[in-house]
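User: I would like to learn how to read helix packing and the setting of a single side chain from a model. Could you take me through it step by step?

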Amino acid sequence: MKHIVRSRRFSAVLLSLACLGVLTGGASAQGVAVNQVGYLPAAAKWATLPADAGDEFRIIRVGGGDVVLRGRLGAARTWAPAGQAVRLADFTALTQPGEYELRVEGVPTSPRIHIAPDAYAALTAASLKAFYFNRAGIALEARHAGRWARPAGHPDTEVLIHASAASDKRPEGTRISAPKGWYDAGDYNKYIVNSGITVFTLLAAWEQFPALFKTQRLDIPESGNGLPDVLDEVLWNLEWMLAMQDPADGGVYHKLTNKGFDGNQMPHEARGERYVVQKSTAAALDFAAVMAHASRVFRPFEAQRPGLSARMREAAIAAWGWARANPQTYYRNPPDVRTGEYGDTRLDDELAWAAAELYITTGEAGYRAAMKLDSQPVRVPGWGDVVGLAWMSLAQHRDALPQADAELVTRKMRGFGDELAASWKASAYRLTMEVSTDFVWGSNAHALNQALMLIQAYRLSADRAQLDAAQSALDYVLGRNPLGLSYVTGFGQRSPQHPHHRPSEADGVEQPVPGFIVGGPNPGQQDQKHCPVPYASALPARSYLDHGCSYASNEVAINWNAPLVYVSAALQALTPPSR
């Protein structure tokens with residue numbers, strides 16, 4: 001949904017016809033598809049092979065040549081999203097750390113299989129540091145950013161009040177300061193709604209797995225300041241979000257943006273006027289939820305950030321008050337604004353989420369009543385449907401809930417996990433991505449958010465099938481998919497080279513910025529008319545294009561990276577040392 005850019009490597013790419021299959025997504029994995037980053041020793045381990053593969057597989061130790069495991073492939077079955085008949089190899093029994101290859105007669109050798117007790121440490125760190133690479137308003141110095149160093153862009157200290165956001169105290173043309181924050185995706189704008197689910201997911205990762213993040217050092221400017229690096233990084237965006245609240249009434253501006261998308265240029269080269277645009281109910285509720293959550297997370301760090309927790313709590317309460325007074329202020333782009341909309345006219349989920357976070361934070365009964373907990377469904381979360389986040393927080397804090405509520409939360413979350421795990425068990429591909437509607441814009445994040453919900457259920461039930469199903473979702477985005485492609489830049493033997501990400505395309509560095517997951521297969525192909533090469537397939541799981549033009553399948557986004565951080569960290573923390 002972002003502005004189309006012309007890749008700086010466009011000409012070279014077109015001349016390299018050998019790469020055409022990768023660009024169009026037409027080159028499916030004709031050999032063995034595996035997780036190309038790695039497996040934990042006691043994790044479930046699956047490989048996918050074509051239907052005509054031989055019956056027996058062998059796992060060979062790299063460097064030694066000895067066979068360490070033999071097994072038989074499962075029967076061929078068709079996975080409808082790819083229109084592909086496949087056979088599965090289950091090599092879960094292999095638990096010894098090392099480097100291996102999987103071989104089957106008549107099929108090319110698999111990509112390298114890496115088994116290690118810290119298999120996801122580097123991935124978690126890189127996917128989190130990707131947020132640093134997408135910071136606004138700061139120079140990325142070489143000592144922190146390496147070859148991807150760049151000057152500061154978009155200071156956002158002189159932001160105009162757009163006509164749609166004007167008020168008596170802040171008339172049109174007033175200038176306000178709203179610095180920091182993360183660029184939302186491949187573009188250079190900043191959106192409250194998408195920041196909401198992103199910040200929540202990262203805070204939840206810290207809240208649920210603090211031991212993992214306490215020892216993690218990202219080498220960002222704030223490292224060593226007394227806060228865990230994950231909270232330092234999240235705070236960069238939270239401080240921007242706080243500046244997006246109007247102190248006069250508690251309302252929250254929907255986004256900070258240019259009127260149109262910047263071209264294919266570096267941040268410091270993009271110097272158009274910036275605006276805050278219209279307050280919205282969705283922005284206020286997402287803001288209220290995030291600030292209530294963050295106020296709890298930062299409460300133990302009062303010595304490092306005096307008064308921050310209390311300020312966030314008060315900001316959350318003020319935003320809630322504005323939203324309740326303005327329950328149907330829906331956002332639509334004004335005629336002169338053509339950047340991402342993040343429009344939403346169904347706000348019962350945002351209301352439930354904000355009420356849940358404020359109830360957990362304050363204990364006030366009015367927020368419990370506003371949740372309408374008994375009638376709320378459990379669903380896989382996304383930026384436009386956040387009710388699942390309410391259930392996540394309630395599950396995390398169930399010990400503080402009334403007994404009936406705690407029992408309801410446990411029952412509903414475990415039941416939803418059972419549904420997802422049953423879908424995984426029945427799948428020809430061993431995935432919860434089973435229907436065409438799973439392959440939406442940002443389908444890779446949808447897969448990871450399914451895993452996120454499975455992990456919530458596992459934490460309540462200890463049902464290993466739920467954890468194994470979550471593992472399969474991570475395997476999918478890291479290479480066990482019909483294209484045999486790891487969808488994370490810089491990770492795996494084959495990964496995206498041309499993401500729709502302005503810095504990656506305009507910085508003069510051949511490799512894209514590492515640690516970003518791209519959106520993934522999207523049969524909508526909304527960008528096809530703007531792209532110089534076609535998607536080779538309309539099938540949901542193969543409709544992908546590795547080209548800078550492809551904002552529909554190859555863009556990056558903060559709300560897609562956040563569940564990658566969460567899921568990789570959760571599996572690292574939760575997978576038992578033995579089965």
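Analyst: We begin with what contact means: two residues are in contact when heavy atoms of theirs lie within 4.5 Å. In this model, which is predicted, Ile 192, Ser 195, Val 199, Leu 202, Leu 203 and Trp 206 of H5 meet Val 230, Leu 231, Val 234, Asn 237, Leu 238, Trp 240 and Met 241 of H7. Sorted by class, the contact of H5 with H7 holds eleven nonpolar residues, two polar ones and no charged residues.

User: At what angle do the axes of H5 and H7 cross?

Analyst: Angles over 145 degrees count as roughly antiparallel. The axes of H5 (residues 192-208) and H7 (residues 229-243) cross at roughly 155 degrees and come within 10 Å, and H5 is therefore roughly antiparallel to H7. The crossing of these two helices is left-handed.

User: Are H12 and H14 roughly parallel or roughly antiparallel to each other?

Analyst: Here the cut-off to keep in mind is that angles under 35 degrees count as roughly parallel. H12 (residues 387-396) and H14 (residues 443-461) pack at an angle of about 25 degrees, their axes being 11 Å apart, and the two helices are therefore roughly parallel. On the H12 side the contact involves Gly 388, Met 392, Ala 395 and Gln 396, and on the H14 side Leu 452, Met 453, Gln 456, Arg 459 and Leu 460; by class, these are five nonpolar, three polar and one charged.

User: Which backbone oxygen lies 2.6 Å from a polar atom of the Lys 190 side chain?

Analyst: That is the backbone oxygen of Lys 180, while the backbone oxygen of Ala 178 lies 3.3 Å from a polar atom of the Lys 190 side chain. Beyond its neighbours within four places in sequence, Lys 190 is in contact with residues including Asp 156, Trp 182, Trp 240 and Arg 274.

Key: Residues numbered from 1 in each chain as written. Predicted model: local features only at pLDDT ≥ 70, side-chain atom pairs only at ≥ 80, totals over all residues. Heavy atoms only, no water. Polar contact = N/O pair within 3.5 Å; in protein donor to acceptor, adjacent residues only side chain to side chain. Axes fitted to C-alpha atoms, helices over the stretch in contact; angles between N-to-C directions. Helix = DSSP H or I, 4+ residues; strand = E, 2+ residues; numbered from the N terminus. Parallel < 35°, antiparallel > 145°, perpendicular 65-115°, else oblique. Nonpolar A, V, L, I, M, F, W, Y, C, P; charged D, E, K, R; others polar. Left-handed = near helix turned anticlockwise from the far one by under 90°.
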